[in-house]
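Dear colleague,

I am handing over the structure we spoke about, and my notes on its side-chain contacts follow below. Please read them with the coordinates open beside you.

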Amino acid sequence: QVQVVESGGGLVQSGESRTLTCVVSGDISAIYGMAWYRQAPGEDRKLVARFITTGEKKIIPDSLKGRFTITTDDAKKTLYLQMSNLNPDDTGVYYCNVAGTRSGRMVDLWGQGTQVTVSL
């Protein structure tokens with residue numbers, strides 16, 4: 001079994017920084033990519049950041065560049081989302097997504113999410 005667990009959410013004030021962590025554990029053969037998505041109340045999930053294992057490519061939407069960055073650990077099984085200068089529009093549930101293979105089959109996995117609330 002594979003587990004995807006996010007942590008680091010909470011209540012923060014505008015202008016502050018926060019780092020979220022996504023850890024992948026269990027029986028996963030290979031990880032092709034990991035990503036963070038944000039779901040604001042009443043809205044669809046939107047991509048916040050993506051890490052592609054091949055070439056260690058990092059993708060951040062233009063609207064978030066300069067405030068959001070992603071890093072991984074050496075094993076490429078932990079993905080950090082560093083967020084700075086947060087504002088209330090960054091409020092939402094942040095989900096980690098993992099794409100890879102397990103027992104020869106492709107898997108697309110989600111964590112349970114971690115809530116980030118940014119107050120004025």
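In these notes, buried means under 20% relative accessible area, exposed means over 50%, and partly exposed covers what lies in between, with a 1.4 Å probe and protein chains only. This is a predicted model, in which local features need pLDDT of at least 70 and side-chain atom pairs count only at pLDDT 80 or more, while totals for chains, interfaces and linings use all residues. Residues are numbered from 1 along each chain as its sequence is written, and side-chain values use heavy atoms, with hydrogens and water left out.

I begin with the cysteines. Searching the whole structure gives one disulfide, the term standing for a pair of cysteine sulfur atoms within 2.5 Å. The bond joins cysteine 22 to cysteine 96, with an S to S distance of 2.0 Å, and this pair links distant parts of the chain, since cysteine 22 lies in strand 3 and cysteine 96 in strand 9, 74 residues apart. Strands here are DSSP runs (E, at least two residues), numbered from the N terminus. The torsion about the S-S bond of cysteine 22 and cysteine 96 is about -75°, so the disulfide is left-handed. Cysteine 22 is buried, at 0% relative accessible area, and cysteine 96 is likewise buried, at 0%.

Next come the charged pairs. Side chains of opposite charge can pair when their charged atoms come close. The whole structure contains five salt bridges, each being a side-chain nitrogen of Lys or Arg within 4 Å of a carboxyl oxygen of Asp or Glu.

One of them connects aspartate 90 and arginine 38, at 3.0 Å from N to O; aspartate 90 sits in the loop between strand 8 (78–83) and strand 9, and arginine 38 in strand 4, 52 residues apart. Aspartate 90 is buried, with a relative accessible area of 2%, and arginine 38 also counts as buried, at 17%. Arg38, Arg67 and Asp90 are linked in a network of salt bridges.

Another salt bridge is formed by arginine 102 with aspartate 27, whose closest N and O atoms are 3.8 Å apart; arginine 102 belongs to strand 9 (residues 92–102), whereas aspartate 27 is in the loop between strand 3 (18–26) and strand 4 (30–39), 75 residues apart. Arginine 102 is partly exposed at 31% relative accessible area, and aspartate 27 is partly exposed at 41%.

Finally, glutamate 43 forms a salt bridge with lysine 46, the closest N and O atoms being 3.5 Å apart, and glutamate 43 is partly exposed at 39%.

Terms used: Helix = DSSP H or I, 4+ residues; strand = E, 2+ residues; numbered from the N terminus.
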